[in-house]
Amino acid sequence: MMALGQGKDQMSIDSTTAETWQVGVFDALKAGGVQQVAFVPDAGHAETIARAIADPEIQDVVLTTEEEGVAVAAGAWLGGQRAVLLMQSSGVGNCVNMFSLLSSCQLPFLTIVTMRGDYAEFNPWQNAMGRGTQAVLEVMGIRVHRVDHAEDVAPTLTAAIDSAFLAGDRTAVLLGQRLIGRKKWTR
Amino acid sequence: MRTDTHPSSHSAVVRIERRDFVADLVARAPAGSLFVSGLGSPSYDLYAAGDRDLNFYLWGAMGGAVPLGLGLALAQPSRPVIVVTGDGEQLMGVGSLATVAARNPDNLTIVVLDNGHFGETGMQQSHTSRGTDLAAVARGFGIRNVHRVERPDQLSELLAATNRPGATFGHVLVSPDEPPRTMPNRDGSFLKNRFRTGLGLDPI
């Protein structure tokens, strides 16, 4: 019997030591003038969420379901603020009808999606949405930038922020599971 | 045979006419209030009360009225934000009441016009006719200023409650009668840019 999480290349997410790229996510959002961070938590977003909560200039919005975050971002823009939605790939499926708000109103939109069911996945229940995430976003009119290497995170995010808030585009940055690392199943 | 358990069918002597109520709400809300309406009848009611640049009418995105109002309230803390929606739209996005309570902005007021039915689709009974009490739901999610409005004169109490700390939830029991449709503009991009311009913001 094979033990879980014992592979030689095991990378586990340790919430006590932030990966450099995770710090880069928050710094890019901050530099991009994002003032509302709406989220359904994911381990890959843990650092960004923690920093958003700690930052007095940013309003964090914890959501019960990801589609709320699409509407929160729309309301933020109506009121003159930039928002980001942080979610896991499974949450993209929850958003589909609410994405119609973005195209109907030609709203700027930025979401950062941490991937599951994408690379070295352990849980088969993640695979359906992991396989469909990019296609679902694109079919709903959202431009997708995918990142699998740490050095690409900040530049890609900065580009997506410009596309969203300068050109009014709808953009998603997918953070691949190769970047995030395997989930640690053993405690 | 199903029994209609909608509270208005038992207790209200004077059933609230939704259009009159929304007209009074708009007339008595503080100047410069920002209104968001949920799809269907609430958008027709808000438009019938008089079109304003600072009205944002939803024609879709069911369940999105309250979270959109939350993002707006957080972005515009000095202005009252009033979300007017129906029982069906609120039920679809019911978790957003927890999301509101977690931030609890003073300037956000949610007014649910509860007729106990899905008015836009053939007047099927909604959950509020089958046992759900949206005021209790809002309280359970952590919203502290929750007011049930069963008579038109209770609008004053609801407006007074909006001055207390935290978000306000008004559960307004309205007649299931359907007033004539009065339809606002349905170009979302136009409504968005008009709204932003009304706040002194550029379209992009």
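1. Strand β1 (residues 34-37) of chain B is joined to strand β3 (residues 81-86) of chain B by four bridges, and the two run parallel. V36(B) stands opposite V83(B) in β3(B). Strands here are DSSP runs of E with at least two residues, and helices are DSSP runs of H or I with at least four; both are numbered from the N terminus. Two strands pair if DSSP finds at least two bridges between them.

2. A word on the source. This is a predicted model: local features need pLDDT of at least 70, side-chain atom pairs count only at pLDDT 80 or more, and totals for chains, interfaces and linings use all residues. Residues are numbered from 1 along each chain as its sequence is written, while chains are lettered from A and ligands numbered from 1 in the order in which they are written.

3. Now the whole sheet of chain B. Six strands form an open sheet in the order β2-β1-β3-β4-β8-β7, with parallel pairing. β2 (55-57) and β7 (145-149) of chain B are the edge strands, and each pairs on one side only. From one strand to the next, the twist averages 15°. Axes are lines fitted to C-alpha atoms, for helices over the stretch in contact, and angles run from 0 to 180 degrees between N-to-C directions.

4. Which strands of chain B does helix α4 (residues 65-75) lie across? They are β1, β3 and β4 (108-114) of chain B, and the helix runs at about 180° to β3(B). Contact between two residues means that their C-beta atoms, placed from the backbone, lie within 7 Å.

5. Chain A has eight helices and six strands. Along the sequence they follow the pattern α-β-α-β-α-β-α-α-β-α-β-α-β-α. The radius of gyration of chain A, taken over C-alpha atoms, is 16 Å, close to the 16 Å that the globule rule (2.2 Å times the number of residues to the power 0.38) gives for 187 residues, so chain A is as compact as a globular protein of that length.

6. The six strands of chain A form an open sheet in the order β2-β1-β3-β4-β6-β5, and the pairing is parallel. Its edge strands are β2 and β5 (143-147) of chain A, each pairing on one side only. The twist averages 20° from one strand to the next. Six bridges join β4 (residues 109-114) of chain A to β6 (residues 170-175) of chain A. One pair to find: F109(A) has R170(A) as its bridge partner in β6(A).

7. Helix α2 (residues 46-54) of chain A lies across β1 (34-39), β2 and β3 (82-88) of chain A. Its direction is at about 125° to β2(A). α3(A) also packs on the sheet, touching β1, β2, β3 and β4 of chain A, at about 170° to β3(A).

8. The largest nonpolar core has 109 residues. Such a core is a set of buried Ala, Val, Leu, Ile, Met, Phe, Trp, Tyr and Cys residues joined through C-beta atoms within 7 Å. Buried means 20 or more other C-beta atoms within 10 Å of a residue's own, with C-beta atoms placed from the backbone. V70(A), A73(A), A74(A) and L101(A) have the most contacts inside the core. Beyond its neighbours within four places in sequence, V70(A) is in contact with residues including L85(A), C95(A) and M98(A).

9. Finally, the two chains meet. 28 residues of chain A are in contact with 29 residues of chain B. α3(A) gives the most to this side of chain A, with nine residues.

How values were computed:
Buried ≥ 20, exposed ≤ 12 C-beta atoms within 10 Å, placed from the backbone.
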